[in-house]
Amino acid sequence: MPPRIAWQDIQENTFTRWTNDELKLRGLHINSLKDDLKDGLMLINLMEIISGKSLGKYNKHPIIIQQKLENLTIALKFIQSEGLKLVNIGPEDIVQGNMRCILGLIWTIILRYEINRNGGGEDLLKWIQSKIPEYGIKNFTKDWNDGRALNALINALRPDLCKDHMDLDKKKKLANARRGIETADKEMGVDKLVLPEEMIHKRVDKQAMMTYLAQFRNLKDTNAAYRVRAFGEGLHKGIKETKAPFFVERPTDAKGEIKIKVLNEDGKEVSCDITKAESPAGYEKLAVSYVPQKAGVYKVHVTLDDKHVPGSVFTVVVEEDLSIGGSMLIINHLPCSSSSSSLQLYWL
């Protein structure tokens with residue numbers, strides 16, 4: 001019997017997958033929204049990726065709490081400067097792992113940069129209704145539980161796929177949802193932001209489903225290389241004479257030859273150690289590492305059949321050593337649990 005899933009878990013899982021879908025353009029990856037946003041680096045990178053703008057200077061190696069708070073303040077101020085309204089959230093809420101605040105923040109970002117990209121939530125629903133009027137879709141939750149509407153949407157956008165969607169057995173909802181999600185991922189480049197067992201859940205999260213379905217309206221590249229994911233520290237930072245590791249993961253049905261090439265600042269190739277790593281079902285994963293012998297800017301190429309995967313070519317800044325530096329920072333903080341503001345002073 002499959003484990004029980006709460007709607008909150010569905011939302012957190014989807015938001016984590018969406019964040020990783022964006023972060024892969026820089027070879028980054030998170031395992032937990034609660035734990036992996038605390039130093040501000042992932043949030044800064046996420047905002048730079050989806051906005052196409054630089055957030056300026058920040059602590060690239062935050063170690064002490066004040067440096068992490070400074071990074072988070074930079075990210076939150078940028079988000080506000082983009083016109084997004086943040087209600088009762090400050091850097092300390094993220095450091096403390098307040099999931100209500102964190103999920104609210106990520107949803108605000110998704111709503112602006114994914115859902116509202118081609119119109120808002122109501123526009124998304126109307127778009128879906130225009131594509132599959134025969135299913136009478138009225139919401140983003142229970143109308144998708146049996147998986148048939150998903151297969152119909154795929155067929156509406158790709159008439160060569162899921163032609164038998166009307167003949168699918170409503171009782172076989174898990175199989176229907178799995179078929180649709182797998183087909184959309186493989187044939188259309190729609191990432192698996194929601195899993196089959198989550199879609200058929202009687203309390204499937206509305207925001208999770210909106211995030212997933214918005215991808216169909218905002219279709220991305222569908223070549224096989226786009227389905228490969230490269231991530232890890234060795235794709236964005238390094239220390240001289242220290243191993244720089246990263247991973248390359250692809251679906252087993254994304255066939256082709258993976259090539260990995262690391263070039264130092266002089267354009268000379270750096271040798272890599274490549275081994276097979278443990279991977280989830282349906283995927284193949286490579287563990288890769290290299291040792292930069294001098295400081296400078298390195299380039300990492302990851303390709304599938306000579307086509308670059310998302311984020312490649314990666315730019316890696318290799319430093320002489322890891323150092324701590326900082327400055328004074330004033331944080332005007334609105335705690336998530338209170339409407340009263342507090343002014344705090346930190347020395348970095």
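**View 1. Helix 9 gives the largest share of the second largest pocket's lining, with 4 residues.** Everything here is a predicted model with residues numbered from 1 along each chain as its sequence is written. Local features need pLDDT of at least 70 and side-chain atom pairs pLDDT 80 or more, while totals for chains, interfaces and linings use all residues; side-chain values use heavy atoms, with hydrogens and water left out. A pocket is an open set of points on a 1 Å grid over the protein atoms alone, where a 1.4 Å probe fits, with protein on both sides within 12 Å along at least five of seven lines; lining residues have an atom within 4 Å of a point. Helices (H or I, at least four residues) and strands (E, at least two) are DSSP runs, numbered from the N terminus. This pocket holds about 800 Å³. Its lining counts 28 residues, and Arg 17, Lys 192, Arg 229, Glu 249 and Tyr 283 sit closest to the centre. Helix 1, helix 9, helix 10, strand 1, strand 3 and strand 7 each give two or more residues to that lining. By class it splits into 14 charged, 10 nonpolar and 4 polar residues, where Asp, Glu, Lys and Arg count as charged, Ala, Val, Leu, Ile, Met, Phe, Trp, Tyr, Cys and Pro as nonpolar, and the others, Gly among them, as polar.

View 2. Volume here is the space filled by probe spheres set on the points, with grid points joined across faces, edges and corners. Helix 2, helix 3, strand 2, strand 3 and strand 10 each supply at least two lining residues.

View 3. Gln 11 is buried at 8% relative accessible area (buried is under 20%, exposed over 50%, partly exposed in between, with a 1.4 Å probe and protein chains only). Leaving out residues up to four places away in sequence, Gln 11 touches Leu 103, Asp 205, Gln 207 and Ala 208; a contact means heavy atoms within 4.5 Å.

**View 4. Arg 179 and Asp 164 form a salt bridge, with the closest N and O atoms 2.7 Å apart.** Arg 179 belongs to helix 9 and Asp 164 to the loop between helix 8 and helix 9, so the pair ties together parts 15 residues apart in sequence. Both ends are partly exposed: Arg 179 at 29% and Asp 164 at 31%. A salt bridge is a side-chain nitrogen of Lys or Arg within 4 Å of a carboxyl oxygen of Asp or Glu, and the whole structure has 17.

**View 5. Lys 240 and Glu 320 meet in a salt bridge at 3.5 Å, N to O.** This pair links distant parts of the chain, 80 residues apart: Lys 240 in the loop between strand 2 and strand 3, Glu 320 in the loop between strand 10 and strand 11. Lys 240 is partly exposed, at 27%.

**View 6. A word on confidence: the chain's mean pLDDT is 89, and 90% of its residues reach 70 or more.** Over residues 325-335, though, pLDDT is below 50, with 48 contacts beyond near neighbours in sequence. Residues 337-348 also stay under 50, with 41 contacts beyond four places in sequence. pLDDT is the predictor's confidence in each residue, from 0 to 100.
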